[in-house]
Amino acid sequence: MRVPHVDFGSITKVSGVSSPYQTATGATPEAFGAGPARALIQGGQTLKKESNVLDKIALDIQQEDNESEAEKLDAEAMRRVRIESYGGQLDPNSPMKDGYYNLRNDEAVAQTGAFQAAIKKHYDDVLATASNDAVKRMLSKSFNKGYQSEFDSAAKFHIGQRNNAQKIHSAARIQEAQQQGVLGDESKYRGAYAIVAAMTEKSLKQQGITDRKTISSAIQDQTSKMAIGRIQRLMSEEDYEAARVFAEGEIAAGRLDELSAGKTLAAINQEGEYFT
């Protein structure tokens, strides 16, 4: 069988048309259309950078808005705490508040718990009005610290006012017992003496005074006032003998100090001689 034969030399060569892919140097990315693709990629990267910048600007703006809102709400909480503490109106329709720190003694002691609860509620109510969680986080730590500070201050004020109230109560009881000793009979005087002595010692110890000499001197001072008042009452009734017997008994028992005793006996003798 005869094999067909092709004469390559007779094939017409087409000139003027070349393929960029015929050599390695011609097979560039641009030859495959990479130029437009690269432009799109670069454009996308530019847009992404611009988007990141815009996102950062938006975040900065939101942060500034959050900080501004937090400052506003913090100021509102401070206003409410100030009014609750020192008096004023929370709003035009609310009653005027006296202010916890304007109260004194028993009244202040009685209102401490209510004041501390009111302060906690003010902080909670203001925090609840925050527009987002970021603002709440900004305020939570500050509000917790503020409440703790107010709680501690109220506790200290409470202790001071309680101590004042106790002094007033002790002084009032001493005074009433002294009146009973002055105006009552001998039995009531002895009962009143025990109360005056006990309350005087208690009052001094509440003030941190524990020196026995100081306490004894204070007891004698208070009981001497009562004894002299009783003697003066008996003398005003012209019962000089009873006044003399009572005075001598108090002096002998050491319950009437020497200076007061001397003056008292001199007065009894003078008045007694005048009316005898």
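**Rings in a helical chain**

Author: Start with a cluster. Y86, Y100, Y101, F115 and F157 are linked into it by ring pairs. Keep in mind that this is a predicted model. In the whole structure, a search finds 9 aromatic pairs.

Take one pair by itself. Y123 and F143 form an aromatic pair with 5.0 Å from centre to centre. Their planes stand 50 degrees apart, and the pair is tilted. Where do Y123 and F143 lie? Y123 is in helix 2 (residues 105-128), and F143 is in helix 3 (residues 133-183). The two are 20 residues apart in sequence, so the pair ties together separate parts of the chain. Buried or exposed: which holds for Y123 and F143? Both Y123 and F143 are buried.

Now move along to another pair. Y147 and F151 are also an aromatic pair, again tilted. Here the centres are 6.0 Å apart, with 55 degrees between the planes. Y147 and F151 both belong to helix 3. They are 4 residues apart there, so about one helical turn separates them. F151 has a relative accessibility of 30%. Buried means under 20% and exposed means over 50%, so F151 counts as partly exposed.

R230 lies over the face of F246, 5.2 Å from the ring centre.

The protein chain has 7 helices and 0 strands. Two packed helices are described by the angle between their axes and the distance between the axes. Helix 3 packs with helix 4 (residues 186-206) at an angle of about 160 degrees. Their axes are 8 Å apart. Over 145 degrees counts as roughly antiparallel, which means helix 3 is roughly antiparallel to helix 4. The crossing of helix 3 past helix 4 is left-handed. Across the protein chain, buried residues make up 28% of the 276 residues.

Last, check the confidence. The protein chain has an average pLDDT of 84, and 76% of the residues score at least 70. Among its elements, helix 2 has the highest mean pLDDT, at 97. Helix 7 (residues 258-275) has the lowest, at 68. Where pLDDT is low, the predicted coordinates should not be read in detail.

Notes: Residues are numbered from 1 along each chain as its sequence is written. This is a predicted model: local features need pLDDT of at least 70, side-chain atom pairs count only at pLDDT 80 or more; totals for chains, interfaces and linings use all residues. Side-chain values use heavy atoms; hydrogens and water are left out. Rings of Phe, Tyr and Trp (its six-membered ring) pair if their centres lie within 6.5 Å; planes under 30 degrees apart count as stacked, over 60 as edge-to-face and the rest as tilted. Buried means under 20% relative accessible area, exposed over 50%, partly exposed in between (1.4 Å probe, protein chains only). A charge sits over a ring if NZ of Lys or CZ of Arg is within 6 Å of the ring centre and within 35 degrees of the ring normal. pLDDT is the predictor's confidence in each residue, from 0 to 100. Axes are lines fitted to C-alpha atoms, for helices over the stretch in contact, and angles run from 0 to 180 degrees between N-to-C directions. Angles under 35 degrees count as roughly parallel, over 145 as roughly antiparallel, 65 to 115 as roughly perpendicular and the rest as oblique. A crossing is left-handed if the near helix is turned anticlockwise from the far one by less than a right angle, and right-handed if clockwise.
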